[in-house]
Amino acid sequence: MWLALRFPHWALDSLSDAVAPATTATLVVENQAGKRRVVAAGEPAIEQGVRRGMVLADARMRAPDMHILERRIAGEQAALERLGGWAWRYSSQVHIAPAGDQIECSRVVLEIGASLKLFGGRQRLLRAVRRDLNRMGYRYSLGVADTPDAALAFARAPTRGQKDGSLAHLPLHCLDLDPRAELSLKASGLRQTGELLALPPGALIRRYGQATLDHLERVRGQRPHELTLYQLPQRYGTRHELTGAVETTQGLVFVLRRILGELAAFLQGADATIQTLQIKLFHDDLPPTRLMLRLAAPSRAADHLERVAHERLARLTLAAPVLEIALASDRLRRHEHEQDSLWRDEDSTGCEQWPAVLDRLRARLGHSAVGWLQAVDDHHPDQSSTEIDRPPTDSAAASAPRPLWLLDEPQRAPNDLTLISGPERIETGWWQHSIRRDYFRARDSRGRLLWVYRDLVHARPDSPPVYYMHGLFG
Amino acid sequence: MSNLYTSTSNPAAKRRLAEHEAYWRRFGVHRATRQAELPAMSTGSAALDRLLPGGGYPIGAVTELLSSNTGMGELSLLLHGLAARMAAHPRRQLAFVAPPGTLHAAALAQSGIDCARLPIIHCRDDNERVWCVEQMAHAHAFTAFVVWGDSLDTTALRRLQLAAEKSVCPVFVYRDIRRAAERSPAALRVAITAGAKGQRLEILKCRGPAGARAVGLQAALDQPWQMRPAPVSLASVRAPASNESTASETRSHVARPAFPPLGTR
């Protein structure tokens, strides 16, 4: 069973920089054979009688104060590919085709027969598809049939009754035949698909050529459908052209909400997660601004990505208006589904929120603001502990006591020291920074416990020992 | 009303009394003779636990640790208790917010702290410190928060208190001993000062009678700091019901709040 989705106003609906482009007073136009024709229109224009394919001058007569945009094929194609990722949720056989010379309307066709059981029947699956598309704000028409071409024919059906009826009762124009052949058929008095399908093949070939017969055979399922299969990309990379320049970060937040919503729908459909996302903001003449979102754990939640991006944007001052936004993710990873434990684990409830909180902290304070300490196997006290940006996997504990606070630069110790234990000889680094020191633990008169050393390299044997403070036992 | 509290032999009255108390307990009002149930975590030292209401640092509240110097064992004292709490909650984190110096991984490991579960957060100002703790309080994934913030004001401490209540885990704030004279919304304030034999711990404020002190923290041979197993000079094991200083108590070494508690004059 196949589901066909047609997006007649895709050129407008796929625009990224408005919350709901379908409701704006906008016309998208394209040069077709020397004439500027409307390829997509917003709802206000349709109410005033504008139709697809209308010459711009006619459309202007009917709806005078419309915002006019040039069609951008690349943006449509990118948006359709993102939608392909979404459709992956409902089927593993997805075909997408943008509107072009051969194809009258941008469309997504998917095989749903294998998914019916998972979604609990045809009605529920269609309801879920409708809900998703409405949420994303796309205008669509939908058809279900046993072959892709028949499903497309149903999707073109003008009335609801015809959509639910049989293929034979569909009007002839739903079949998307060659316009000349269709005119000729209509002149012969044929009105419905059933009448055409009843004609003998030999006569059809003679009068209307092989192409028409092939099409009819594909509709009936007697011939393979010749659609190209949509392949899930290795990583998410897409560009969103903005129709107007965005000048404030507040405006960017709105645009990003829609863009990240699409990303989340894609990830949900592809059952994948991402860990890093690069957002490139293109300006007119300045080099693009890059924002890097590194997440602590792979994620696919729209609200989480949005919140992290929001915190990151709060630190940003825009150098110039933004004209275009590009997203690039790292390799898509398979989503690890969480398993609920049989017994409720009180201690670990809430622990899964920690990576999300970490992302928020880093987005606001900077990536390097959160770190973990790692013990390094090095005798040199300065180098035996470093801060890294992810939790260490192993920990080596030293045997001798070490101070909790380490001074970055050793200082002269106060004079009133009481040595408590030691010495511990540390002698290392002859190849680089040679040290030879005797370390002691000592108490001073202020009640502090210090880690002090006596330098043996530079000490003169006849002078009294000089102590340097290197750490504090906090 | 008076018979409600006196005639407790009558079972019906008893029940009414219990209902009445339960009603008020919801607003944090407790009967004077009964101690409120204070969730607390052990400090790792039996002697110190005995001095504190609930038997340890309060959970879901701010504890202020006031020390005169860094390097007096003030962090070891806390890690003593936190190591046990971290071991008891093997998936939870411990957050250090804005430590003033460089911490040493090996020393933390020696104190029994798992560095893999110890995110260290560096902040630029007080507002960020409090914001961090508030954010982390959303995720119930922490055993405790330790904040270094000498300049935190009362509002900030109150926000920390709310975060502690929300996340149901203790928040520890390290401040300078000079802040002891200031008022603070913290539930527990412990001052650490240097003494001749060892560090002196003094409880400046707690839920219940304050003023107890212990000489306990000592530099030991085998580990940096050690709580003395049986403290000899426990000055007056907690007075029963008042904050009045008794003759046996020695003079406090810590600056007192400007206004002594009610009843001392």
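Is B:Ala98, with its C-beta neighbours inside 10 Å, to be counted as buried or exposed? In this predicted model, B:Ala98 counts as buried because it has 20 C-beta neighbours inside 10 Å, and 20 or more is what the term requires. The residue is found in the loop between strand E4 (93–97) and strand E5 (102–103) of chain B, and its phi is positive, about 55°, although it is not a glycine. As background, most residues other than glycine have a negative phi.

A second residue, in chain A, can be set beside this one. A:Asp176 is likewise a residue other than glycine with a positive phi, near 55°, and it is found in the loop between helix H8 (160–164) and helix H9 (179–187) of chain A. A:Asp176 counts as partly exposed because it has 16 C-beta neighbours inside 10 Å. The table sets out the two residues.

| Residue | Phi | C-beta neighbours inside 10 Å | Class |
|---|---|---|---|
| A:Asp176 | near 55° | 16 | partly exposed |
| B:Ala98 | about 55° | 20 | buried |

Helix H14 of chain A, for its part, meets a helix of chain B. The axes of H14(A) and helix H6 (residues 126–138) of chain B come within 9 Å and cross at roughly 160°. Because angles over 145 degrees count as roughly antiparallel, H14(A) is described as roughly antiparallel to H6(B). The crossing of H14(A) with H6(B) is right-handed. From H14(A), the residues that take part are A:Val357, A:Arg360, A:Leu361 and A:Leu365, and they meet B:Glu128, B:Cys132, B:Gln135, B:Met136 and B:His138 of H6(B). Taken by class, the residues of this helix contact comprise 5 nonpolar, 2 polar and 2 charged.

**A sheet within chain A**

Elsewhere in chain A, 4 strands form an open sheet with antiparallel pairing, in the order E5-E6-E1-E7. Strand E5 (94–97) and strand E7 (141–145) of chain A are the edge strands, each pairing on one side only. On average, and with direction ignored, neighbouring strands of the sheet are turned by 15° against each other. Strand E1 (residues 2–7) of chain A runs antiparallel to E7(A) and is joined to it by 5 bridges, and in that pairing A:Val144 in E7(A) is the bridge partner of A:Leu3.

Two helices are placed against these strands. Helix H4 (residues 73–87) of chain A packs on the sheet and touches E5 and strand E6 (106–111) of chain A, with its direction at about 20° to that of E6(A). Helix H7 (residues 148–156) of chain A lies across E1, E6 and E7 of chain A, and runs at about 140° to E7(A).

Notes:
Residues are numbered from 1 along each chain as its sequence is written. Chains are lettered from A and ligands numbered from 1 in the order in which they are written. This is a predicted model: local features need pLDDT of at least 70, side-chain atom pairs count only at pLDDT 80 or more; totals for chains, interfaces and linings use all residues. Two strands pair if DSSP finds at least two bridges between them. Axes are lines fitted to C-alpha atoms, for helices over the stretch in contact, and angles run from 0 to 180 degrees between N-to-C directions. Two residues are in contact if their C-beta atoms, placed from the backbone, lie within 7 Å. A residue is buried if 20 or more other C-beta atoms lie within 10 Å of its own, exposed if 12 or fewer, and partly exposed in between; C-beta atoms are placed from the backbone. Angles under 35 degrees count as roughly parallel, over 145 as roughly antiparallel, 65 to 115 as roughly perpendicular and the rest as oblique. A crossing is left-handed if the near helix is turned anticlockwise from the far one by less than a right angle, and right-handed if clockwise. Ala, Val, Leu, Ile, Met, Phe, Trp, Tyr, Cys and Pro count as nonpolar, Asp, Glu, Lys and Arg as charged, and the others, Gly among them, as polar.
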